[in-house]
Amino acid sequence: MTSPNDRNNDGGVPVPTTPAGASSTAPAEYPPASPAGRGMFGNQGTGDVSGYGGLVRQRKPIEEATRPYGSYFDEVRDALEEAYPAFGDAIEKVVVDRGELTLHVRPERIAEVCQVMRDDLSLRFELLSSVSGVDYLGADARRLHVVYQLTSMTYRRQVRLEAAVSVEEPHLPSVTAVYPTADWQERETYDMFGIVFDGHPNLTRILMPDDWEGHPQRKDYPLGGIPVEYKGAEIPPPDRRRSYQ
């Protein structure tokens, strides 16, 4: 980083200077668990030059949708309720938001619901296009959510399933026996969030080294890392670039 005033007399070439707020000895910091929706990188007023240090996100509560839902959503719900006798116990709530249908499923029932969604002739959600994780740190006691995007190629429809688990008990059944495409997707979710998919044929890390500690996409994961060499220059890990505390 250079300053307009930091120039020598040989052609006005900028002289590198240490940026304000930088600390070469800044330790890896764990972002605060609360409040999760305030600030950036746990910043408390120094070091953050992004302009978002005072950001406060207003969280909209997730509320059960009331019928009629609109679009094909009522038809999908009715078909699932008819085909799956345990619907009342398995489905925690139905949410319609931004033109999308989300069925919140009890974790232990997720594989059963996927089986019905795939096989019932009125549903025919043949494709599981993605499995991903979300960490709602500070907003939900069961902060680790798994999101399943289902697509019906027969009826040209999309539905989202969502199951929530706690950090203390991050287990739910694997759906690889129903949707083989979930194999690597569940491995990535396990690697990044530490969510354990019971019954997965080979639940091992897929992005990080096998001996890596922790799960990098959890919101309480430290900012520290390892330096990276790029075109002859060494780029320091995040906790060494600027003091985020």
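Helices (H or I, at least four residues) and strands (E, at least two) are DSSP runs, numbered from the N terminus. This is a predicted model: local features need pLDDT of at least 70, side-chain atom pairs count only at pLDDT 80 or more, and totals for chains, interfaces and linings use all residues. Residues are numbered from 1 along each chain as its sequence is written, and side-chain values use heavy atoms, with hydrogens and water left out.

**Stop 1: helix H1**

Select residues 73-83, which make up helix H1. Show the side chains of Arg 77 and Glu 81. They sit four residues apart, about one turn of the helix. The two meet in a salt bridge (a side-chain nitrogen of Lys or Arg within 4 Å of a carboxyl oxygen of Asp or Glu). Here the N to O distance is 3.3 Å. Is Arg 77 buried or exposed? Arg 77 is buried, at 16% relative accessible area, while Glu 81 is partly exposed at 37%. The cut-offs are under 20% for buried, over 50% for exposed, and partly exposed in between (1.4 Å probe, protein chains only).

Now step back to the segment before H1 and pick Pro 68. The peptide bond from Arg 67 to Pro 68 is cis, with omega near 5°.

**Stop 2: the largest pocket**

Centre on Lys 60, Ile 62, Val 95, Asp 97 and Tyr 136. Of the 25 residues that line the largest pocket, these lie nearest its centre. The pocket's volume is about 750 Å³. Which elements give two or more residues to the lining? They are strands E1 (91-97), E2 (100-105), E4 (144-152) and E5 (157-165). E1 gives the most, with five residues.

Colour the lining by class: 10 nonpolar, three polar and 12 charged residues. Ala, Val, Leu, Ile, Met, Phe, Trp, Tyr, Cys and Pro count as nonpolar, Asp, Glu, Lys and Arg as charged, and the others, Gly among them, as polar.

For the method: on a 1 Å grid over the protein atoms alone, a pocket is an open set of points where a 1.4 Å probe fits, with protein on both sides within 12 Å along at least five of seven lines; lining residues have an atom within 4 Å of a point. Points are joined across faces, edges and corners, and the volume is the space filled by probe spheres set on them.

**Stop 3: Arg 143**

The structure holds 14 salt bridges. Go to Arg 143, which is buried at 11% relative accessible area. Its side chain meets that of Asp 135 at 2.7 Å, N to O. Asp 135 is buried too. Arg 143 also bridges to Asp 220, with the closest N and O atoms 3.3 Å apart. Arg 143 lies in the loop between E3 (127-135) and E4, and Asp 220 in the loop between E7 (196-198) and E8, so this pair ties together parts 77 residues apart in sequence. Asp 220 is partly exposed, at 27%.

Next, select Asp 89, Arg 106, Arg 109 and Glu 112. Salt bridges link these four in a network.

**Stop 4: two loop arginines**

Arg 98 is exposed, at 71%. Then move to Arg 156, in the loop between E4 and E5. Phi of Arg 156 is positive as well, near 55°. Arg 156 is exposed, at 77%.
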